[in-house]
Each structure stands twice: as structure tokens, then as C-alpha cells.
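Please work through the following exercises with the sequence and the model at hand, and compare each step with the solution given.

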Amino acid sequence: MSKIPKSALILSLAGLLPFVWGVVTIYSPALMQVTSSWIGPRFNGPYIGLAYGTVILSFMSGVLWGFATKATGGQAATGYVLSVLPALWAFAMVGGGPASAGMNLIAGFAAVLVLDFAFWHWRLAPRWWMALRVPVTGIVVICLLPVVL
């Protein structure tokens, strides 16, 4: 494994902030109220985690698509098919209330981690990819848990 590029690490950590903020505002009614009055209720609690999680799950489809472009033949076809699955999952499965949406996002992020490993194993993702994706996915899943409990 090679070292994670600093910019990728910083942007990934910054990308966790909406998930973390969602958890903080679930457990702090005062911060939830302040956030609601300043920028609106959709930027708190389960709402931000679910909305942002849906966007990020779809974003991960684009990342995997980019990896698939490095493949050829049957591996490319497989990569393209696999790369669209997270976005289709987010589109079809996030709904029906916060608990089910949260469970489906958790399942989606866990599945993306499996796809990340496959693309990494096929040497389509950077060598450092799994060193970044495993902890980031773990934090995302932990932050989505209070939405479903």
C-alpha cells in the first residue's frame, strides 16, 4: 500500500462532516434548533445524513465508473455494470421513512466497500484506495446507525 495523497485524505475527511453533523444534531436538540433556524431543518439530524448519503452513494458510482475506464474487454463491461449499481440502489431503495432509508444506505455503503475491493484487486483503483475507503466507510456506517435506531 502506498500513502494516501494528502488532498484525497483531506477531502474525504471533510466529506464526513455532514454525516457527523447529522449525528451531533440528533443528540443535541439545541444545535438542531440553531441549525434549523439558521440554514433550515434539512441540514440536521437524520435528514442531512440520508440526503447526503444518497448523494455520496451516487457519487461513488461515478468513482467506480472512472476506475472501469481503465479496464478492457470483459473486465471493462463488468466494471461498468458494477459501477452503476450504487446509484441505482440509492435511487430505488432510499425512501419509505428514515429507518428503512438508513438501513438501505448502510447496506449500500457496505456493498460499495466490496466493489471498492474488487476494483482495487483488479488494480483499477489506486494502491492506497482501500486504506482510505475502509475507515471512511466505517465512519459513514457508524454515523448512519442513529438514524435507524
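**Exercise 1: the α6 and α7 pair**

Task: find which residues of α6 meet which residues of α7, and how the two helices are oriented.

Solution: Taking contact as heavy atoms within 4.5 Å, one finds that Pro98, Ala99, Gly102, Met103, Leu105, Ile106, Phe109, Val112, Leu113, Asp116, Phe117 and Trp120 of α6 meet Trp129, Met130, Arg133, Val134, Thr137, Val140, Val141, Leu144, Leu145, Val147 and Val148 of α7. The axes of α6 and α7 lie 9 Å apart and the packing angle is about 170°. That makes α6 roughly antiparallel to α7, a label given to angles over 145 degrees.

The model is predicted, with local features needing pLDDT of at least 70 and side-chain atom pairs pLDDT 80 or more, whereas totals for chains, interfaces and linings use all residues. Residues are numbered from 1 along each chain as its sequence is written, and side-chain values use heavy atoms, leaving out hydrogens and water.

**Exercise 2: the salt bridge**

Task: locate the one salt bridge (a side-chain nitrogen of Lys or Arg within 4 Å of a carboxyl oxygen of Asp or Glu).

Solution: The side chains of aspartate 116 and arginine 133 form the bridge, at 2.8 Å from N to O. The pair links distant parts of the chain, since aspartate 116 belongs to helix α6 (residues 98-121) and arginine 133, 17 residues apart, to helix α7 (residues 129-148). Aspartate 116 and arginine 133 are both buried, that is, under 20% relative accessible area.

**Exercise 3: valine 20**

Task: is valine 20 buried, partly exposed or exposed?

Solution: Valine 20 lies in helix α2, and because its relative accessibility is 36%, valine 20 counts as partly exposed, the class between 20% and 50%.

Methods: Helix = DSSP H or I, 4+ residues; strand = E, 2+ residues; numbered from the N terminus. Buried < 20%, exposed > 50% of the residue type's maximum accessible area, 1.4 Å probe, protein only. Axes fitted to C-alpha atoms, helices over the stretch in contact; angles between N-to-C directions. Parallel < 35°, antiparallel > 145°, perpendicular 65-115°, else oblique.
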